[in-house]
Amino acid sequence: AVRCSGLELDTASREALLRAVGPLPEGWRSWGDRMVLCQGLLERPSPAEADRRSVAADLLTRLAALKLGEVVELRVVSLAKTSDALAVGVLGAPAIGRNPHIAVATAPGVWPSAAEGIAEWRPWKGDALSLRGKVVQWLRAES
């Protein structure tokens, strides 16, 4: 079964992103290779993610229109860092999360999902940064 759908960044984009954010804190793990668009299938995101925003219907239509393997270009527009996660906010792809982002790095023992809870985002001050990712779906691990 599909666990979630998203974008898998190409190698050049991942490397550009990691260079752009600069050195990571000692011991942090770098990620920066994917962006989750929704839990479940693109055509049917998980009901738990149902959104009451006025744009929800349009968002679901845009998600469903994406095709596996399609390449999407993202633009980095913001940066956020907490004591356990570093992420960049992006525009260019529909995403269920309130702050569409790519988790760039996390503190030891912390998973990329920690970036979901980041509340304070600053405008991106670096050079313009475009990233490219391919639409993919990740499967649940079989138990």
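## Basis of the report

A residue is called buried when its relative accessible area is under 20%, exposed when over 50%, and partly exposed in between, with a 1.4 Å probe and protein chains only. By that definition Trp31, at 12% relative accessibility, counts as buried.

The model is a predicted one, in which local features need pLDDT of at least 70 and side-chain atom pairs count only at pLDDT 80 or more, while totals for chains, interfaces and linings use all residues. Residues are numbered from 1 along each chain as its sequence is written, and side-chain values use heavy atoms, with hydrogens and water left out. Helices (H or I, at least four residues) and strands (E, at least two) are DSSP runs, numbered from the N terminus.

## The aromatic pair

Rings of Phe, Tyr and Trp (for Trp, its six-membered ring) pair if their centres lie within 6.5 Å, and the planes count as stacked under 30 degrees apart, edge-to-face over 60 and tilted for the rest. A search of the whole structure finds one aromatic pair. Trp31 and Trp111 form this tilted pair, with 5.9 Å from centre to centre and 40 degrees between the planes. The two residues are 80 residues apart and link distant parts of the chain, Trp31 lying in the loop between β2 (29–30) and β3, and Trp111 in the loop between β6 and β7 (122–123). Whereas Trp31 is buried, Trp111 is exposed, with a relative accessible area of 57%.

## Nonpolar cores

A nonpolar core is a set of buried Ala, Val, Leu, Ile, Met, Phe, Trp, Tyr and Cys residues joined through side-chain atoms within 4.5 Å. The largest such core has 30 residues, of which Leu37, Leu74, Val88 and Ile102 touch the most other members. Two or more residues each come from β1 (2–9), α1 (11–21), β3 (34–39), α2 (56–65), β4, β5 (85–91), β6 (101–106) and β8 (130–139), and β4 gives the most, with four residues. Apart from this core lies another, of six residues, among them Ala85, Ala87, Ala103 and Ala115.

Contact means heavy atoms within 4.5 Å. Not counting residues up to four places away in sequence, Leu37 touches Ser5, Gly6, Leu7, Leu42, Leu63, Leu66, Ala93, Pro94, Ala95 and Ile96.

Ser78 is placed in strand β4 (residues 71–81) and is buried, with a relative accessible area of 12%. Beyond residues up to four places away in sequence, Ser78 touches Ala87, Val88, Gly89, Trp121, Arg122, Pro123 and Trp124.

Asp84, found in the loop between β4 and β5, is partly exposed, with a relative accessible area of 28%. Leaving aside neighbours within four places in sequence, Asp84 is in contact with Trp28, Ala105, Thr106, Ala107, Val110 and Ala114.

## Pockets

On a 1 Å grid over the protein atoms alone, a pocket is an open set of points where a 1.4 Å probe fits, with protein on both sides within 12 Å along at least five of seven lines, and lining residues have an atom within 4 Å of a point. Grid points are joined across faces, edges and corners, and a volume is the space filled by probe spheres set on the points.

The largest pocket has a volume of about 430 Å³ and is lined by 16 residues, of which Arg3, Arg34, Val36, Pro112 and Ser113 lie nearest its centre. The second largest pocket has a volume of about 190 Å³, and of the 15 residues that line it, Ile96, Gly97, Arg98, His101 and Glu116 are the closest to its centre. Strand β3 gives the largest share of the lining of the largest pocket, four residues, and also the largest share for the second largest pocket, four residues.
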